Amino acid sequence: MAGADGDDSLYPIAVLIDELRNEDVQLRLNSIKKLSTIALALGVERTRTELLPFLTDTIYDEDEVLLALAEQLGNFTMLVGGPEYVHCLLPPLESLATVEETVVRDKAVESLRKISQEHSPVDLEVHFEPLVKRLASGDWFTSRTSACGLFSVCYPRVSSTVKAEIRQHFRTLCSDDTPMVRRAAASKLGEFAKVLELDYVKSDIISLFTALASDEQDSVRLLAVEACVSIATLLPQEDLETLVMPTLRQAAEDKSWRVRYMVADKFSELQKAVGPEITKNDLVPAFQNLLKDCEAEVRAAAANKVKEFCENLPEDNREQIIMTHILPCVKELVSDTNQHVKSALASVIMGLSTILGKDNTIEHLLPLFLAQLKDECPEVRLNIISNLDCVNEVIGIRQLSQSLLPAIVELAEDAKWRVRLAIIEYMPLLAGQLGVEFFDEKLNTLCMAWLIDHVYAIREAATCNLMKLVEKFGAEWAQNTIVPKVLGMANDPNYLHRMTTLFCINALSEACGQDITTKQMLPVVLKMSNDQVANVRFNVAKSLQKIGPVLDSNALQSEVKPTLEKLSGDSDMDVKYFAQEAIIVLALA
Amino acid sequence: MSAISASEKVDGFTRKSMRKAQKQRKSQGSSQYRTQSAPVELSPLPQLKDAPSTEQQELFTQKLQQCCMLFDFLDSVTDLKSKEIKRATLNELVDFVSTNRGVLVESAYPEITNMISTNIFRALPPSDNPDFDPEEDEPTLEASWPHMQLVYEFLLRFLENPDFQPSIAKRHIDQKFVLQLLELFDSEDPRERDFLKTILHRIYGKFLGLRAFIRKQINNIFLRFIYETEHFNGVAELLEILGSIINGFALPLKAEHKQFLMKVLIPLHTAKGLALFHAQLAYCVVQFLEKDPTLTEPVIRGLLKFWPKTCSQKEVMFLGEIEEILDVIEPTQFKKIQEPLFKQISKCVANPHFQVAERALYFWNNEYILSLIEENIDKVLPIMFGSLYRISKEHWNPTIVALVYNVLKTLMEMNCTLFDELTSSYKADRQREKKKEQERDELWKKLEELRLSNATLVQNNSHGLPSVQNNNNNNNNNSNNDSVNEDKSADGAAETVDGKDTMEASESTPCAK
């Protein structure tokens, strides 16, 4: 072994080189993914002097391999000897940051950002910042896009002369003639603004922001909206009106729907960033316009924000603003032509009731809820039903129950099983809010009907629903209302329904307790062990295994054990298997 | 909601069926955002042909201005009269510029471009169908097409008018105009894209000053399409224009054009919707190679780099393009690329998808390719033999097996001795490959051990940490003075490599306590 030790130190790099040249991408990928193994085996010095130069020189490969490499290098600091030497990772990452494929480039930038933190301030100026400059003035757009993501990580830690240079580079990239670069710069504008001194935010960033926000390409303009949030947060209130608002107003009325969509999508953030006064004077009318936009995409995005926007309005005249400005638009949206708009609204509209209080809710919102409960699109109805809890707190659900019922019944019988599934999932919630009487009277039949649905997923969900109902209403209720019906299905001619009985028993036994399980359920299960369908029989075995722990030992020994023993001698292989399994699990052997 | 098909009833609402149900209307308005207040009713002007020639220009201008009024076509009942007047006027204008000479006086240019810009330049509306599949779904048509078509027609006639003067027009048909025109290529309406194609081609032909700009902007559109959005409806149309532009490139090719080929056209092959524009793309590539054969090697290497890994349809397209390239390849270029190329072809021949295998095997029906193979049989045959031999015994599809037999026969006739040698050494070769595989596994295993011992080394060296003492490993006699935190990072790094081994390494810590 002593002789092999000498070779050991040599061959990792040989293996790597060999594998990296393999024709099979998968093998190349494997060896790159084990790069840290190789580095560890080589030790820090040889990693620096041999491995990294090799990697830097041979970078031309499938993007998948490059991606793995870019990721690995971000975690390499210790493998090259710690922060002192971290700069030797820069050359390979620099070339990876110029690759065409976006994922690779982004990963390289991510790794560069990570290791930038490990540079000492001196190294940052000597090694890192020159790299950023080289990328920023690269020929092909890819290196310039990558540079955009690196400015903000080195800016706070360099001297003021270098800072000035960085600002200059960023400015240049913001007016690059390639739209891809301008997009990259625009998307990093907010992040860069955060690390800049306030004076420079006012002098530099604002002019860049204004320019990007009126770019000829809408894909650039919309990114400026995102930056707007960060910039507005940084500036003192008194400067917002002059420095940010003209641009924001313009964006809210942009001729491209994508930009308006972005404004709508970021509306809550914008609202928080500009504060209550501007919200009152500017954002309220802007929001109204977005709610009435000619494109459904924009209306839907705005509709999604209705609740948050209203919540964040200044409290002193919140109610008045909502009642006079927002509510009229909301009323129109209830009968919008586009179902996505209506559905977006339905998912938040109930939240308004807590803000507006009982009287307003009854007078103004209730008619809207009722209208949406009758909407032709099931998604809208479901969204209303799923948010009933908000209204319940304010006005009590009774107000709605008359309209609720037809809506629920219709959804419960919808032709699409996913709609039925969705409504089943809200049943326990509804039952809790409507109370046991209303439930018994109106909804119980629905819940039982789902048990014999022709789609298995519905029957399964219905079983689970019963369990939740029993947890809510108690064992006694179960014994009176559900259990007899469930057990009655054991004699159904359809074996699928007979199996549903077993599934229900599985789900209910625990919630119902030992008494009901032993006295009412167990006899039925045992009787079914004589079923002619094997599927039912092995489900009997499974059920016995499941309810066994609920039963007392007497019942187990005297009733369950003989039945399982009989089943374990069944002619069907599966029945035997499950019966034997149950015997073992219940320790009846 | 009335017409729910049986399959939908079973399937529930998948997104597609939701969309289908919702997608009743097939046309959409342009996203004209509050551009103007409600349209004013138009009143008909006298016919141009009836006007005295002194007043004709004045009337022409008035009509152009009248056509700047925009109407809502989604609402099919409003402004019927005005819509009809505008349609008739546009028809008359088209007629006027295509049949009359001397009507394009300098003062008319700004009015004309203004009318065109007002009508066609608009933010394209959001797609009705976010996962629009151009191969499957019906495109959404532009609602205002009855007017828009005539405006495009007018623009085309304007550009083609013998009196048309680029030197005057360039003040109006400038970079900004072209940029907006290019953005319209994203329109879902194929009729619109078709007009745009012809129009852009005319502009490229007539405005020499705009050519570089147009190429650069197309470049940007493609790059955005490839690397950012993966969505642009007009790729095929733009490539068609480029096809004829490339045809006209002067030799030797400028670096800019070569860069376009390698950095834009080749990566375009990675697009998901390649099928929609592959014919045009392959045409462009072949045009380049006919201009400059030395580009063959980088192009083929580029295609091999982006060779589809999971999409058989695309693989068939790639094979088609390779054949087109081989049709025009020079024998010297063929020699440079034969090795990597035939390695790929040999994989395709062995592809379990019979269409891929079939497409690759069809190469042997091409006389020119056959002659190239024959010339280089000593290089090609060893690469191809393994796959062909195996496939002839294993492929599930009888057609493929039959084709492979033919190919094997052809190859055998080309060099009988080599063929016999390969046949006899086939088994030995397979075994050698297997052995190599084993050796690789063992190398990695050894390396793994080495890493483990090094990892523990690093661990043991960190004396600063009280709990880290490892007795399980035997090489703890090495002492480097590495920093304390190295221990942590070595662990962290190892973790990314192989979870299982790290478990072992870190387990040693509690053991030692």
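How much accessible surface does chain B have, and what share of it belongs to carbon and sulfur atoms? Hi everyone, let's start there: the surface comes to about 25300 Å², and 51% of that belongs to carbon and sulfur atoms. Areas here come from the Shrake-Rupley method with a 1.4 Å probe, and for residues only the protein chains shown count as cover.

A word on ground rules. This is a predicted model, in which local features need pLDDT of at least 70 and side-chain atom pairs count only at pLDDT 80 or more, while totals for chains, interfaces and linings use all residues. Residues are numbered from 1 along each chain as its sequence is written, chains are lettered from A and ligands numbered from 1 in the order in which they are written, and side-chain values use heavy atoms, leaving out hydrogens and water.

Staying with chain B, you'll find 23 helices and 2 strands; these are DSSP runs, numbered from the N terminus, with helices being H or I of at least four residues and strands E of at least two. Of its 513 residues, 50% are buried, meaning under 20% relative accessible area with a 1.4 Å probe, protein chains only; over 50% is exposed, and in between is partly exposed.

Let's visit one residue there. L408(B) sits in helix α20 (residues 398–414) of chain B, and its relative accessibility is 8%, so it counts as buried. Setting aside neighbours within four places in sequence, L408(B) is in contact with L388(B), S392(B) and F419(B), where contact means heavy atoms within 4.5 Å. From L408(B) to F419(B) is 11 residues in sequence and 9.0 Å in space, C-alpha to C-alpha.

Now over to aromatic rings. Rings of Phe, Tyr and Trp (its six-membered ring) pair if their centres lie within 6.5 Å; planes under 30 degrees apart are stacked, over 60 edge-to-face, and the rest tilted. That gives 32 aromatic pairs over all chains. In one of them, F267(A) and F309(A) have ring centres 5.4 Å apart and planes at 65°, so they are edge-to-face. This pair joins distant parts of the chain, with F267(A) in helix α19 and F309(A) in helix α21, 42 residues apart. Are these two buried or exposed? Both F267(A) and F309(A) are buried.

Last stop: helix α23 (residues 339–348) of chain A. Here 8 of the 10 residues are buried, so the helix is largely enclosed by the rest of the structure. Among those buried are Q339(A), K342(A) and L345(A).
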